[in-house]
Amino acid sequence: MPGERRVVITGLGVFASTGKNADTFFGNLLQARSAVRRISQWDPSSLSVQIAAEVADYNPIDYFPRKRLDLLDRFTQFGLLAAREALAASGIQFTEEERPRFGVVMGTGLGGAVTFDNSYHSLYAKGETRLPPFTIPKAMYNAVTAQISMEFGAQGPALAVSTACSSSTHAIGEAFHMIKYGTADIILAGGSDAPITYGTLRSWESVRVLAPGNGDPSRACRPFSADREGMVIGEGAAVLLLEEYEHARRRGAQIYAELTGYGMSSDAGHITQPSVMGPARAIRMALDEAGVNPEEVDYINAHGTGTRLNDVIETQVIKEVFKSHARHVAISSTKSMHGHAMGATGALELTAAAMAIGHEAMPPTANYAQPDPECDLDYVPNQAREQTVHVAMSNSFAFGGLNAVLLVRRLD
Amino acid sequence: MNIQDRVIAIISREQRLEPGVVKPQSTFAELGIDSLDGINILFALEQEFKIQIPDSIAQNMRSVSQVVEALTRVIEGKDIADLVALVRGTDPAPTT
């Protein structure tokens, strides 16, 4: 029987509020620079929460011809831009025979939210009775997967995954298994979302979990800090090029990290309230697959939304799985800077974890101000930490109780 | 502008084509107009002329001249049964 196939990350691409490429993104995270600001895409004056982690100074015509843009929702644009960077960074070239072994798996929480929002505004507010024919192909959740596979000629497995805040962690995990178990050799995997619309913000406003961000918006999201006020919506995309290890080695590819473990579970409990045992099962499943002991994990990029419920429960989850090592593992929430980018957030955070391995530096939890007796672990407050990272974990615990966890390892 | 000029202007706008590219004798294939683009153009024409183009015609448009003829007939309230048959490549239904 042939040996088990290994999966490595050979390309990274980011198009997000904290940076329009992977290096800028990670550089800003290390500097604890938050991208949260007052919403500029439309006038948020009537909302109680008027801030978000927006992709600022973005003009789509700088990146796409007009005719093509007619079919691209904002979330698809972000996904394509991140995919372009990941593929270019990998230096990979394809033969025609390889294309059926080249796949795309993308997560999104809200799909073409901008297109849906505009359509409903036309119907309900303007009284239109008909919508443009491009509405469906633009708004559908698999549009980003399809557009990426079209642009790069990826003819292999293609999948869209939607599990709210865990979408792209699940997407990367599923892609990991496709390569591991022989369904594909190369996959562009990640997530994208552009949820900053009037309708989506109003919907989140009523859940009462958004930080108001009065005063300085960049300080609005303060995960694990006792003075936290809630989460901040973000947008953007991150895409990773996953490649079978021998394939990458043969072509002399630069390897950022090896993807070694994927765990998932459902709380099967409450639609919004997280549990301890559900996420703990997902973490244990990822550790088991990777054959890694809890003590070997150096860095956890937490789900860390900045809501009381998440931060306290996630701390308990880490204690439940890591026992005494919980006090020694470095934990940070980069959502404090790039916000909660919904279906893109897991991919952004895994990218941060993989880059922490490559750069030997862990991004901090920005805006940490006050210790919370219920969150008493090492959250790497406010300052990046230079340290060799051998094994890093990325957590995503979605509304609906759908949990996903990924483990990456330094390849020496 | 006459109907033909308005049709050409709308096709140019929707396809993001430079002025002068779309000509009365152009076929959709020559202009790179695929099935989805075709539906989009018909939608724009319906908005512009405030008319409904029957699906049977909408699905079979292949050239600028076909669009102009169909539109002219619809606008003038004329019978289009023979046109439907023509674009489908069948004989018109016998009239009794």
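Tutor: In this predicted model, six residues of chain B are in contact with six residues of chain A. On the side of chain B, the largest share of these residues, four, is supplied by helix α2(B). By class, the side of chain B that touches chain A has three nonpolar residues, two polar ones and one charged one.

The secondary structure of chain B consists of five helices and zero strands, and the pattern along its sequence is α-α-α-α-α. Chain B has 96 residues, of which 22% count as buried. Among the contacts in chain B with a separation of 6 or more, 51% join residues 24 or more positions apart.

Helix α2(B), residues 35–49, also packs against a helix of its own chain, α1(B), residues 3–15. Two packed helices are described by the angle between their axes and the distance between the axes. Here the angle is about 130° and the axes are 10 Å apart. The crossing of α1(B) past α2(B) is right-handed. From α1(B), the residues B:Arg6, B:Val7, B:Ile10, B:Ile11, B:Glu14 and B:Gln15 take part, and they meet B:Asp37, B:Asn40, B:Ile41, B:Ala44, B:Leu45 and B:Glu48 of α2(B). Sorted by class, the residues of this contact between α1(B) and α2(B) are six nonpolar, two polar and four charged.

We now turn to the other partner. In chain A, 10 strands form an open sheet with mixed pairing, in the order β5-β4-β6-β7-β1-β8-β14-β13-β9-β10. Its edge strands are β5 (158–161) and β10 (330–332), each of which pairs on one side only. On average, neighbouring strands of this sheet are turned by 20° against each other, direction ignored.

Strands of a sheet pair through backbone hydrogen bonds, either parallel or antiparallel. With β8(A), residues 257–266, strand β1(A), residues 7–16, pairs in the antiparallel sense over three bridges. There A:Val7 stands opposite A:Leu259, and A:Ile9 has A:Ala257 as its bridge partner. Helix α3(A), residues 74–90, packs on the sheet and touches β1, β4, β6 and β7 of chain A; the direction of α3(A) makes about 135° with that of β1(A). Helix α7(A), residues 167–180, packs on the sheet as well, and the strands it touches include β1, β5, β8 and β14 of chain A. The direction of α7(A) makes about 175° with that of β6(A).

Strand β1(A) also pairs with β7(A), in the antiparallel sense over nine bridges; in that pairing A:Gly13 has A:Val239 as its bridge partner. Strand β1(A) is mostly covered, with 10 of its 10 residues buried.

Finally, α7(A) has a helix partner too. Its axis and that of α13(A), residues 345–359, come within 5 Å and cross at roughly 65°. The contact is formed by A:Ser167, A:Ser168, A:Thr169 and A:Ile172 of α7(A) together with A:Thr345, A:Gly346, A:Ala347 and A:Leu350 of α13(A). This contact of α7(A) with α13(A) has three nonpolar residues, five polar ones and no charged ones.

Terms used. Residues numbered from 1 in each chain as written. Chains lettered and ligands numbered in written order. Predicted model: local features only at pLDDT ≥ 70, side-chain atom pairs only at ≥ 80, totals over all residues. Axes fitted to C-alpha atoms, helices over the stretch in contact; angles between N-to-C directions. Helix = DSSP H or I, 4+ residues; strand = E, 2+ residues; numbered from the N terminus. Left-handed = near helix turned anticlockwise from the far one by under 90°. Contact = placed C-beta atoms within 7 Å. Nonpolar A, V, L, I, M, F, W, Y, C, P; charged D, E, K, R; others polar. Pairing = 2+ DSSP bridges. Buried ≥ 20, exposed ≤ 12 C-beta atoms within 10 Å, placed from the backbone.
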